[in-house]
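Subject: Structure handover

Hi,

Here is the structure I promised to pass on to you. Have a look at it first, and then read on for my notes.

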Amino acid sequence: MQPLLEFCGIGKSFRDRDVLRDVTFSIHPGEIVGFLGRNGSGKTTTLSIAAGLLCASSGTGSLMGRSFFDPSARQRLGFVPENPAFFRQSSQAAIKFAGQIQGMSGHFLSARVREALEQFALGELPMEARKLSRGQQQRLALAQAFVSDPDLLLLDEPTSALDPSAVHDVRELLLAARGAGKGIFFSSHQLSEVERICDRILLLRDGRIVRQGTVPEMLLPAGILVLTVRGLPLDSDHWRIWRLAPQPSLQSGEAVSVDIPAGQQRHWIEKIWLAGGELLSMGPKRNSLESLFLPTDKDEPASGAPPETPRYERPQ
Amino acid sequence: MRKVAAVTWAMLLHNRWQLLLLGAWPWLFLLLLQAGGAISPEDVVSLLHQECLYGLAMIAILASSAFGNELRSRRIVFVLSRAISRQQYLTALWLSAIVPGLVYVLSMLGAGVILGSSARLSTAAIVSLLMVLLVLMLWVGALGLMFSILLPGFLPWAAVSVAAPLIFYWSGPKPSLGSGMLLQSIMDWGLAQEHTQFPALASVSSTLLQACGLFLGAYFLFRRKDVCPSGD
């Protein structure tokens, strides 16, 4: 299946500063891909290249199988910038204008404009688009992107100014769009939203993609298990057991949790039983998206592949 | 073409006060003159000369600030991320500077005919003057647009205000370079019959060709230019 959007080793420099380096990924129909990274990591630059606003300094790529600068490719694209800007128009005229420059006209356009106004609760806003609140402007920008029923949506922090109810509505819309076979690529700092709706995540740091994969892949570091044990508190005589654990242990009430490499569970369970402890649970360790944001020495540039499984010393 | 018209219309409506002011300007001059009592034919000619120069300066300002304004306001991001080519966008920018010029010329025609009748100037003579002005506006508009793509901030306007007089001065005696001859014909335009004729077609054609060349130059600069609003 041809990707809707493809980046192959794309780099971007402004004067002597490399903003993007060797960025490779693709977006396919029917998937939601989250784009994470701290401020200034290059997310907006990436989206701007895809939308034909910036010219890549190196590498190749395509939008709908065509050049990023081909306007006919953008006919099937809906783009919402981080800071939407409007002409001196009413909300209705702004949505109609967006449809017109996507090549729509006549009754079809009028019907789509009415639908978009209703869908994004903009029907009762008579004032000029530029005078709307930030949240209302963001809804209007989303309505402009949806009016032409695009195959690919590029959204730069689309819910940053929305209230929880509007965030919920946008989430439902994005899920419905995915159900209709559309591709969605969006950057966001709202990690819970990203975790909730995305099929895949790209993590960008200093212009490089340092991690990418499905949400379970990103949240479950390969080969690490968490054991939760009762009866062997850290401050008891048994603390020596935990001192041998490969990762720091954590005590919460009576329970102690410890991370161990997969494959060593039998060794550890026997040790715990022999010491008189009770195994409460054992399961794969889940990362949080927040922890992915924090820079670590383990983050190596990766194109497509998740980083290597962390190595652990075998306990004595 | 429909997309160009939609973008141009949005830009014009956005600057509607500018458009109204340019449309009203010649009529305000007419009212002021008529309030002053009897007008001599020399005053009318002088006024028309002045208004032609004001019109050219206005178009130079509008065209040289067009790109920068859209960039600063970030509206350019919205438009160029849609199914519109850079050429179409540039055409819309150029038209958004030229249409106010056209409104100004039409308004000058109405006011000029009224003034001209009191100075025994024929309508044909005024029309020929305004046609020359319109051709020069197309040229100055293209020059301003090219500089607005090339230079940041207020520099495009500064560049046009230096380059246009230099080009007029340099091309003045050369009919093949047109624009200087046309400006000269505006300044020579007067009460004598031989000065109210439409200038040589060669000058008009070469000025229009230059305008096309400048527009193509602007397109060449713009076709792969990074559109990067400040702050991103």
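Chain A has an average pLDDT of 82, and 85% of its residues reach at least 70. Among the elements of chain A, strand S4 (residues 58-63) has the highest mean pLDDT, 93, while helix H9 (residues 239-243) has the lowest, 63. Residues 301-316 of chain A stay under 50, and the model gives them 26 contacts beyond four places in sequence. Where pLDDT is low, the predicted coordinates should not be read in detail.

As for the fold, chain A contains 11 helices and 13 strands. Of its 316 residues, 50% are buried. Among the contacts in chain A with a separation of 6 or more, 70% join residues 24 or more positions apart.

Now to the interface. On the chain B side, His14(B), Phe78(B) and Arg82(B) provide 24% of the area that chain B buries against chain A, more than any other three residues. The interface has 13 residue pairs in polar contact.

- Arg200(A) and Glu31(A) have their closest N and O atoms 2.8 Å apart. Arg200(A) is in strand S8 and Glu31(A) in the loop between strands S2 and S3, 169 residues apart. Both are buried.
- Glu193(A) and Arg171(A) meet at 2.8 Å. Glu193(A) lies in helix H7 and Arg171(A) in helix H6, so the pair ties together parts 22 residues apart in sequence. Glu193(A) counts as buried at 8% relative accessibility, as does Arg171(A) at 12%.
- Arg266(A) and Glu270(A) meet at 3.5 Å. Both sit in helix H10, 4 residues apart, about one turn of the helix. Arg266(A) is exposed at 63% relative accessibility, whereas Glu270(A) is partly exposed at 39%.

Best wishes

Methods:
Residues are numbered from 1 along each chain as its sequence is written. Chains are lettered from A and ligands numbered from 1 in the order in which they are written. This is a predicted model: local features need pLDDT of at least 70, side-chain atom pairs count only at pLDDT 80 or more; totals for chains, interfaces and linings use all residues. Side-chain values use heavy atoms; hydrogens and water are left out. Buried area is the accessible area (1.4 Å probe) that two parts lose on being put together, summed over both. A polar contact is a pair of N or O atoms within 3.5 Å; within protein, one must be able to donate a hydrogen and the other to accept it, and residues adjacent in sequence count only if both atoms are side-chain atoms. pLDDT is the predictor's confidence in each residue, from 0 to 100. Helices (H or I, at least four residues) and strands (E, at least two) are DSSP runs, numbered from the N terminus. Contact means heavy atoms within 4.5 Å. Buried means under 20% relative accessible area, exposed over 50%, partly exposed in between (1.4 Å probe, protein chains only). A salt bridge is a side-chain nitrogen of Lys or Arg within 4 Å of a carboxyl oxygen of Asp or Glu.
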